[in-house]
Amino acid sequence: MQAPAALELNGITVTFRAREGGGRYTAVADTTLRIAPGEFVSVVGPTGCGKSTLLNIGAGLLAPSAGEVRVFGEPLAGINARAGYMFQAEALMPWRSALDNVMVGLQYRGVPQAQAREQAQAWLARVGLADFGDRYPHQMSGGMRKRAALAQVLALDPDIILMDEPFSALDIQTRQLMENEVLDLWAAKRKAVLFITHDLDEAIAMSDRVVVLSAGPATHPIGEFSIDLPRPRDVAEVRGQPRFVELHSQIWGVLREEVLKGYAQQLKKAA
Amino acid sequence: MQAPAALELNGITVTFRAREGGGRYTAVADTTLRIAPGEFVSVVGPTGCGKSTLLNIGAGLLAPSAGEVRVFGEPLAGINARAGYMFQAEALMPWRSALDNVMVGLQYRGVPQAQAREQAQAWLARVGLADFGDRYPHQMSGGMRKRAALAQVLALDPDIILMDEPFSALDIQTRQLMENEVLDLWAAKRKAVLFITHDLDEAIAMSDRVVVLSAGPATHPIGEFSIDLPRPRDVAEVRGQPRFVELHSQIWGVLREEVLKGYAQQLKKAA
Amino acid sequence: MWRALRPGERNLRAWQLVVLVLLLAGWQLASRNEQTAFFIGEPVQVAGRVWSWFLPWSLPPNALFPDGLPGNADIYIHLGVTLLETVLAFGIGTLLGLGLGLWLALAPTASAILDPYIKAANSMPRVILAPIFALWFGLGIWSKVALAVTLVFFIVFFNVYQGVREVSPVILANARMLGANHRQLLRTVYLPSATSWVFSSLHTSVGLAFVGAVVGEYLGSARGVGYLILQAEGTFDVNTVFAGIVVLTAFALALDGLVGRIEARLMTWQPRQGETEKL
Amino acid sequence: MWRALRPGERNLRAWQLVVLVLLLAGWQLASRNEQTAFFIGEPVQVAGRVWSWFLPWSLPPNALFPDGLPGNADIYIHLGVTLLETVLAFGIGTLLGLGLGLWLALAPTASAILDPYIKAANSMPRVILAPIFALWFGLGIWSKVALAVTLVFFIVFFNVYQGVREVSPVILANARMLGANHRQLLRTVYLPSATSWVFSSLHTSVGLAFVGAVVGEYLGSARGVGYLILQAEGTFDVNTVFAGIVVLTAFALALDGLVGRIEARLMTWQPRQGETEKL
Amino acid sequence: QGRIEKPRIALAVGGKAAFYYLPLTISEQLGYFKAEGLDVEISDLAGGSRALQALVGGSADVVSGAFEHTINMQAKNQFIEAFVLEGRAPQIAMGVSTKTMGSYRTLKDLKGKKIGVSAPGSSTNMVANLVLSRGGLKASDVSFVGVGTGAGALSALRSGQIDAICNTDPVMTMLEQKGDVKIISDTRTLKGTQEVFGGPMPAACLYTHADFVKNNPNTCQALANAIVHGLKWLQTAGPSDIIKTVPENYLLGDRGLYLASFNKVREAIAIDGLMPEEGPRTALKALASFEPSVKPDKIDLSRTYTNEFARRAKEKFKA
Ligand SMILES: Nc1ncnc2c1ncn2[C@@H]1O[C@H](COP(=O)(O)OP(=O)(O)OP(=O)(O)O)[C@@H](O)[C@H]1O
Ligand SMILES: Nc1ncnc2c1ncn2[C@@H]1O[C@H](COP(=O)(O)OP(=O)(O)OP(=O)(O)O)[C@@H](O)[C@H]1O
Ligand SMILES: [Mg+2]
Ligand SMILES: [Mg+2]
């Protein structure tokens, strides 16, 4: 018997009611995805294909129109309490300073105030915001807000980590620092990670497996690639390895075709 | 006599009142930047250094603590009416559908309704959203919102285009399509463009000049690189050229050092 | 069994009816006590009064109404007057509140100067002003409209004022960069963004417009539902008083329903929960 | 020259004073007409009345006050009663409005069922309910508190209700993912996010709490500023009526100032304009 | 005299400053309640009917109000008893506007006109009805406007918004003095009352629940004593005494006016607190003609009042 997957999406279909009375839009169709405990899975796909939607399903924030979600073997009803979710959109509370935002999850857990503050401060430091704990979100730059959100999620030490383009607002250098931070954490605690990114390099450098989604509507996985690069990896160095380049061009081939297909559809319709 | 610069930032310093009574934070110090008409300038720098702040100054949304802004030779007071600004944060009106959002600027200009609708629809098609005109922002994916915002700004055909990480939420393929779209537009109409990005490839592939900013606080330019790659360029192809690689490693050298410096400062303080 | 009865979207009306019946039953029970009945009337008698007001058919004496029930159908003129006053007050008060709220929210200096005066005006007991309104506007409908306007206005005003100031700074900056002038900003940014604030205040003020009109009539008039209520109070006819209240309440709910409809139409853009479709 | 006089942050108080003086001058002018003065009083006489109420020193007859000005210092008991009623009503109404608003905003089924009843209750003319309150709460302060609560409650309620529903869905989802339970969501998301809504309603309801207390006293009491006003109206002493209104208004402004302070403290997180420092 | 059962009395009155309730104010000001060992708290309400409501609701023990209320309440099966009379005429006068009805000759001229009353359904409305019925007019031939008993009433008439007014003092005296109205009927005098009501019409009195009277005889006696004491004082008081006794702010800011009004209504003030024999019947007749829900044959007038206390009080203050 296999151990149950940390997160298991079985035949998920998501149909949005497009607008009042109007038609429907099927964002995701019959998608199955399993993430084993301790596995790092990246999802790539053309913009607007349904990646965030899938993550919302996995987090329990959105109920699928069809299909089933299982968390460590249990069917999911309501919020996925074992997951931490870093949203694509900005989700910091504007009425709390950076430090208070990072603390809030710990407070929910009932961690004593002083200890929560200490842990939160340590996390802020790890994402390079040690000096900015007293800033309110509107006083931070876009990248700083993203890092604060990252600290907020990681501080809780969840079993499943869902991340939606966490590093897209960071410069390359900071990005690599953050990537290594996440990889270290992952390596130490063997979390299950579901990671969305547009950066194929990033996806390959970090993951055990990369899943490519088709263009929408009715998105579904069209390719899965096992990344057999040796661990531990340093995200900056791994990019030079020949196996990396090989995987990159394989995945890129699939992805490129898909994006162009989606885009061509669009242009054709527009014409 | 030289023609006046399209946008001229002279010795700009920006100091924020950090919080109630508390100290101040000087984000940008004594920065001078000139963009000639028809010039494409990219700004790169570590996250949180002050890039968006500079753009806000150039747009007239923020008054500098010291220094002066000139637009085509005229000192700027209030909003910069000749500039279009694509924000880093999400700025679509949630109560308007994508199409209405793209139309709104045209409506402000008094373009007749039917014509505005037609133009807006054409722009939506150019950014690959022809089918999504009736979606409200919360019904679009992150990347779709970004593209709608791009269409919103470009539809107005401003003389100066300010863009703050416009493509960071897009997949590589869509991103290149959009980059080419912007380059085509720029080539056809010779706008002055001030472009912020974290992607050095993108900066080099698109610009006439790349400005590197130092880490904050008191950010200021620490390097300027003329990009002498031949035009017209295709952003995907240009990356293969040896001169590209050379420029890349030059700029990268400056930037990398700066980022590490800033980060080290942070970590030291945190320790 | 319990699942079918559980309150939900399906059986909402049914549950509302249950609550209504419970209320009426409680009322009827309470009115068994003579002394209490003196204050709260009896639902059956109240219903009878409403019947006489609206319907032209008399009922012969029966168990519930030992004296029979005349069918006078004589409320329409009173009701018409009160509704007219209410609708006028609601309209005028809302427009004034919107206008002044927008203006002051966008003119910080004027607002800072006038601020204490507006708050002072809001804390004046309106009832005491009634004679002054009667002097200025006569004893016709306009003095009642004026009184009700003073109630509606402030509620709308404060909410519009706050709503405008809550506009997202990024969206505002974006609209300004897109070239919106003052009027356009108002129309395309401030107003849509303040809509939910405005409607929240409208829900409160529908009720208060009625209150204002009735109290105005109550303080001096020749017709209107408030006049009927006052007359009934003078003769200790509490059933008529409550019949008047019931009728007014019904119309207030109708007007509020209208406001709710407009709101729903204007707010389609808002995200709602459960937008995925169950297959 | 004009620049120095131009309204701005500096000379705000001065300008407010100018407006005040203009208002008083207009009042004084209008009161030159005998018939008008009969309704709006004379500012000087009103000031005299306020003097007698508050200060223990008499003035000898003079040009303005041919009969002299007694220094009775006798308002304190009345004022104390009215203030107590107001503060109680404001506190209770706000708490009830907050509580019920939060509850119904978070319990969609209950809110759907109760919705028409709450709106109906809001559209009841409170003046008519006064005798019922007197029945339940006696003629002491509690019946006045009850009346004022019915005014305050609904305003707070509707705003809280709407405010809670306006919470950003992303922030809410984030808090839920971070493991907030119901109570924690309330405390860390719904309440902070609804603060500006709550305060907007508090600004309206400070005034209405006074109105409710005074009207309650006006309808029947043995002391309180509303009682003084009722007495004065019965004897055509319009100056005293306005003196009462002036005194109440001053206190309403003071209470509102307090609310404003708390608001400013709770809302520091909001972006303000002009955060750059001019050197 | 026995122990007072309830020394703390909550007394409700609707519009205390009016002449209608002058005896109450006098007794209060002269400390006669205290002298009887009572601690009376007088709550002023916005109208006589509210005072009655306070009594029924239990928030007041005793009301100073119109005698008709006792009949009204009996029609609703509540037994209320008057135990000392303050006024023997309703002090209501009716006049026509000299401005809009300069050519007034007979009551018939009022057909189709607007008549201001203090409130629809109130005793001023009833008096107006009775006056009109003497001219052969029905209530539906005119329209009644509630104008209150304050400044609003004055301005409504002066600005021509109403053509006639039926109101109490001081409103009527003020209008009369300025020549704004021509009085056509006057129940401030006994003669006018006789004309309008066809008999003596009891007005203000102290009343309370019949049970209360039964259970607190000594308290009622003390109250009656205080009022009768005040009535006695009023018999002999000169204008300067009145001015000195009544609270400063009741004087309308114009002593001359106050005294003029006082002289008009003086006759209407009761002499000894006793209910005249004919009075209740007159009141019932008037009320029944005005209000269909009051059925004369169902009312037991003997239960609406008692003269027992007033009689004893009268004896006490004979000296
Ligand atoms: N509430 C909604 N109502 C209707 N359609 C929606 C809704 N939410 C998302 N969609 C649609 O579902 C599709 C997938 O959206 P999603 O946000 O999952 O894309 P994504 O893959 O995350 O894209 P990106 O890379 O741009 O973030 C899009 O076409 C979007 O328009
Ligand atoms: N309103 C404000 N009050 C105080 N500090 C502010 C405010 N706005 C920005 N800052 C600070 O100014 C600095 C520069 O911010 P800015 O947004 O310009 O950075 P950026 O270069 O755009 O970063 P990113 O790449 O992350 O978007 C940051 O340290 C930020 O915290
Ligand atoms: Mg997404
Ligand atoms: Mg930025």
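Tutor: The answer below starts with conventions and confidence, then goes through the ligand sites.

Residues are numbered from 1 along each chain as its sequence is written, while chains are lettered from A and ligands numbered from 1 in the order in which they are written. The model is predicted, so local features need pLDDT of at least 70 and side-chain atom pairs count only at pLDDT 80 or more, whereas totals for chains, interfaces and linings use all residues, and side-chain values use heavy atoms, with hydrogens and water left out.

For the complex, the predictor gives an ipTM of 0.85 and a pTM of 0.87. Within chain C, the lowest confidence is in helix H1 (residues 2-5), at a mean of 63, and the highest in helix H5 (residues 76-106), at 92. Helices here are DSSP runs of H or I with at least four residues, strands are runs of E with at least two, and they are numbered from the N terminus.

Now to ligand 2. Residues from chains A, B and D surround ligand 2, so this site is shared between chains. A residue counts as near if one of its heavy atoms lies within 4 Å. There are 22 residues around ligand 2, and Arg135(A), Ser141(A), Lys51(B), Ser52(B) and Thr53(B) come nearest.

Several polar contacts (pairs of N or O atoms within 3.5 Å; within protein, one must be able to donate a hydrogen and the other to accept it, and residues adjacent in sequence count only if both atoms are side-chain atoms) can be listed. An N or O atom in the side chain of Ser141(A) is 2.7 Å from an oxygen atom of ligand 2. For a polar side-chain atom of Thr47(B), the distance to an oxygen atom of the ligand is 2.9 Å, and for one of Glu165(B), 3.4 Å. On its own, ligand 2 has 630 Å² of accessible area, of which the protein covers 95%. Such areas come from the Shrake-Rupley method with a 1.4 Å probe, and for residues only the protein chains shown count as cover.

Two or more shell residues come from each of helix H4 (142-154) of chain A, strand E2 (24-35) of chain B and helix H1 (51-59) of chain B. By type, the shell holds seven nonpolar, 11 polar and four charged residues. Here Ala, Val, Leu, Ile, Met, Phe, Trp, Tyr, Cys and Pro count as nonpolar, Asp, Glu, Lys and Arg as charged, and the others, Gly among them, as polar.

Ser52(B) sits in helix H1 and Gln88(B) in the loop between strand E6 (83-86) and helix H2 (98-108) of chain B, so the pair ties together parts 36 residues apart in sequence. Gln88(B) counts as buried, at 18% relative accessibility; buried means under 20% relative accessible area, exposed over 50%, and partly exposed in between (1.4 Å probe, protein chains only).

Ligand 1 has its own site, where residues from chains A, B and C surround it, so that site is shared between chains. Its contacts include a backbone N or O atom of Lys51(A), 2.7 Å from an oxygen atom of ligand 1.

Technical notes
pLDDT is the predictor's confidence in each residue, from 0 to 100.
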